Amino acid sequence: MTDPIADYLTRLRNAIQAKHRVVEVPASNLKKDITKILFEKGYILNFKFIEDGRQGIIKIALKYDAVNKTSAIKSLKRVSSPGLRQYTGYKDMPRVINGLGIAIISTSKGVMTNKEAADMKIGGEVLCYVY
């Protein structure tokens, strides 16, 4: 697999489109950090890390609106890819839908949202947009 982050986002996107309640993805430290950010910002209901003796699995419970049956995640867009990395400084931090969405940034201080990175005045690689 050449781009595990794109695979992670695609699995989430496909599960949301099929209205699944739970999705399982192979684990990595970067995917765990992205999952924690999605949980903290209220885009997913819950998550669990399962150790299986090999790579491990992340079980993610998706969040839906009870009335309209719509997902909390409207869009997941991969920005940086292995063939074309996208970096940003803290002054040029991307804004997703005028601040309603988040951009997930991989920095030297770890994975964080665009707002946290701008507050800490550090830039990094823009992984994806979520709204």
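Contact, as the word is used in these legends, means that heavy atoms lie within 4.5 Å of each other. The model is predicted, and for that reason local features need pLDDT of at least 70 and side-chain atom pairs count only at pLDDT 80 or more, while totals for chains, interfaces and linings use all residues. Residues are numbered from 1 along each chain as its sequence is written, and side-chain values use heavy atoms, with hydrogens and water left out.

**View 1. Valine 130 and its partners in contact.** Leaving aside neighbours within four places in sequence, valine 130 touches Leu38, Tyr43, Ile73, Ser75, Leu76, Val96, Gly101, Ile102 and Ile104. Val130 is also among the residues with the most contacts inside the largest nonpolar core, together with Leu38, Ile60, Leu62 and Ile104.

View 2. A nonpolar core is a set of buried Ala, Val, Leu, Ile, Met, Phe, Trp, Tyr and Cys residues joined through side-chain atoms within 4.5 Å, where buried means under 20% relative accessible area, exposed means over 50%, and partly exposed lies in between (1.4 Å probe, protein chains only). Helix α1 gives the largest share, 6 residues. A second, separate core of 8 residues includes Met93, Val96, Met112 and Ile122.

**View 3. The whole chain, for orientation.** The chain has 3 helices and 8 strands, which are DSSP runs numbered from the N terminus (helices are H or I of at least four residues, strands are E of at least two). In sequence order they form the pattern α-β-α-β-β-β-β-β-β-α-β. The radius of gyration is 15 Å, close to the 14 Å that the globule rule gives for 131 residues, so the chain is as compact as a globular protein of that length; this radius is taken over C-alpha atoms, and the rule is 2.2 Å times the number of residues to the power 0.38. Of the 131 residues, 40% count as buried, and residues 24 or more positions apart account for 61% of the contacts with a separation of 6 or more.

**View 4. Alanine 118 in helix α3.** Alanine 118 belongs to helix α3 (residues 114-119) and, at 27% relative accessibility, counts as partly exposed. Beyond its neighbours within four places in sequence, alanine 118 is in contact with Tyr90 and Met93. Glycine 89 is 29 residues away from alanine 118 in sequence, and their C-alpha atoms are 8.6 Å apart in space.

**View 5. Threonine 2, before the helix α1.** Threonine 2 is placed in the segment before α1, and its relative accessibility of 73% makes it count as exposed. Although threonine 2 and glycine 83 are 81 residues apart in sequence, the distance from C-alpha to C-alpha is 9.6 Å.

**View 6. Two residues with positive phi.** Most residues other than glycine have a negative phi. Lysine 19, placed in the loop between α1 and β1, has a positive phi near 60°. Isoleucine 97, in the loop between β5 (87-88) and β6, likewise has a positive phi, near 50°, and at 41% relative accessibility this isoleucine counts as partly exposed.
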